[in-house]
Amino acid sequence: MLRIGLPLVVLAAFVALWDAIVVINAIPTYILPRPWLVLATIVNDWAILGPSLFNTLAITLLALALATVGGVLLAIALTQSRVVEYSFFPIAVVLQVTPIVAIFPLINIYVENDLAKILLCAWIVAFFPILSNTTLGLNSADHNLRDLYRLYGASRWQTLRYLRLPAAMPYFLGGLRIAGGLALIGAVVAEFVAGASGFGTGLASRIIESGYRLNIPRLFAALLLISASGIVIYVLLSLLSNRILGKWHESATRR
């Protein structure tokens, strides 16, 4: 009850303070709208915001799926071969530490499709946490157990399947939760940088458009939808993690 109730109380207090500041200071709507007006805008402008929300979520989930598959497969390859690790892991680090806004001008030159540009940017941002955490997890299997597997003549595939992958699961799921939020951030930031507009655009384009038109309630509505989407993604991935780890791993076992 505290885990759910306390955040709701703090959120309600924040919303009440927001509304009181607007009313007391008579702040115009085009500067700071009241909370109820933002909620009403979501309902009234759903024909515009709904498709944009769908597009943003579609890019986010697709980028997360591609980052998950690519990150796990590359992590397995890195832990199975030092040649692969020494060859490709530094490249992954370079992609991670280079700001996406610095990479995007090159992507903008070489990729023609706007959707592919945004998807690629979101994938780059979400890829490294999964790769890094999964690699760490695969390398964290107990070395005594690895020696035992080797002593009994287990193949590399058997050691990977029955020892290293289960040991890496908590690390992978932790990276997945991080990557879920980063994929959303990457999609939104990429669309800001791309300046995409028109059919098939996401919530970032609606924010840009609303700012130009001084339609601040719609701008806040789009921001609220982005925040709510990030919360939902994190909660769903946390539930998935608890579902997988809840019966056997210490981090999720109910006491």
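Is Ser241 buried or exposed, and what is its relative accessible area? In this predicted model, Ser241 is buried, because its relative accessible area of 4% falls under the 20% limit that applies to buried residues. The residue belongs to helix 10, which spans residues 216-245. When its neighbours within four places in sequence are set aside, Ser241 is found in contact with Leu173, Arg177 and Gly246.

Helix 10 also takes part in a pairing with helix 9, which covers residues 203-212. The axes of helix 9 and helix 10 come within 8 Å and cross at roughly 160°, and the two helices are therefore roughly antiparallel to each other, since angles over 145 degrees are counted in that way. The crossing in which helix 9 passes helix 10 is left-handed. On the side of helix 9, the residues that take part in the meeting are Leu203, Ile207, Glu209, Ser210 and Gly211, and those that they meet in helix 10 are Arg218, Leu219, Ala222, Leu223, Leu225 and Ile226. Sorted by class, the contact of helix 9 with helix 10 is made up of seven nonpolar, two polar and two charged residues.

Phe14 counts as exposed because its relative accessibility is 52%, a value over the 50% limit, whereas Trp18, at 18% relative accessibility, counts as buried.

Trp18 also forms an aromatic pair with Phe220, again described as tilted, for which the distance is 5.7 Å centre to centre and the angle between the planes is 40°. This pair links distant parts of the chain, given that Trp18 is in helix 1 and Phe220 is in helix 10, 202 residues apart. Phe220, for its part, counts as partly exposed, because its relative accessibility is 23%, which lies between the limits of 20% and 50%. Taken together, the ring pairs link Phe14, Trp18 and Phe220 into a cluster.

Technical notes: Residues numbered from 1 in each chain as written. Predicted model: local features only at pLDDT ≥ 70, side-chain atom pairs only at ≥ 80, totals over all residues. Heavy atoms only, no water. Helix = DSSP H or I, 4+ residues; strand = E, 2+ residues; numbered from the N terminus. Buried < 20%, exposed > 50% of the residue type's maximum accessible area, 1.4 Å probe, protein only. Contact = heavy atoms within 4.5 Å. Axes fitted to C-alpha atoms, helices over the stretch in contact; angles between N-to-C directions. Parallel < 35°, antiparallel > 145°, perpendicular 65-115°, else oblique. Left-handed = near helix turned anticlockwise from the far one by under 90°. Nonpolar A, V, L, I, M, F, W, Y, C, P; charged D, E, K, R; others polar. Phe/Tyr/Trp six-rings, centres within 6.5 Å; stacked < 30°, edge-to-face > 60°.
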